[in-house]
Amino acid sequence: MAKVPHLVQECKREHENCLYTSTALYEWQKSVRFWKRCFVVAPLVLGGFAGWTLLANASFQGAKALQSVCAFLAGLLPTIYTAIKLDQSEVAIADNAAEFKNLQDRFRQAAIIGWQKSFAEFEAEFRSIMDRMEQARSRGLAIPDRFIKQAQAKVKSGVYDFDVDLAEEQKSAGGK
């Protein structure tokens, strides 16, 4: 039975790991979604400026140059968008974030409930979840550091603390 507390501790550790990873991935996904919108909207706006007759007939110096730059960028941005594969990136990030969020729940449930099973059953459950974790990690998404830092700040701010857990902590501490 001495192995059970260690396995429970490892489940809690992996739960926390998945919480930070999924949060960082969701933060990254929000950024990719923002840039995706920029790459879709900007060419439309720039194309509108490039074809705007008011600008074409403008008397200020550089109006034709501005129109040319707008037309150039309106044509270039979709190419960049395709080259950096934002659509594919967003899907890959979202899929990975969802998997790590699901793994987070599985590890939490194993830590809370799994230990009540026989050690062999508990260990088999843990190994099964770890196999999924290894598959998720094998996708090789390297989360940029700024999103990891955002996730750390978000988690530590208490955003992911559940009221039911806080109420239990208060009861345990002798509160109401």
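Because the model is predicted, local features need pLDDT of at least 70 and side-chain atom pairs count only at pLDDT 80 or more, while totals for chains, interfaces and linings use all residues. Residues are numbered from 1 along each chain as its sequence is written, and side-chain values use heavy atoms, with hydrogens and water left out.

Let's start with the cysteines. Searching the whole structure turns up 0 disulfides, a disulfide being a pair of cysteine sulfur atoms within 2.5 Å. Take C18: its closest cysteine sulfur, in C11, is 11 Å away, too far for a bond. C18 is also buried, at 0% relative accessibility (buried means under 20% relative accessible area, exposed over 50%, partly exposed in between, with a 1.4 Å probe and protein chains only). For C38, the closest cysteine sulfur belongs to C70 and lies 16 Å off, again too far for a bond. C38 counts as partly exposed, at 27% relative accessibility.

The buried residues of α5 are F122, F126, I129, M130, M133 and A136. Looking down the helix axis, these buried residues fall within an arc of 105°, so they line one face of α5; the arc is taken from the directions from the helix axis to the C-beta atoms. Their packing partners are α1 (3-50) and α4 (86-112), where contact means heavy atoms within 4.5 Å. On the other side of α5, A120 and Q135 are exposed.

Terms used:
Helices (H or I, at least four residues) and strands (E, at least two) are DSSP runs, numbered from the N terminus.
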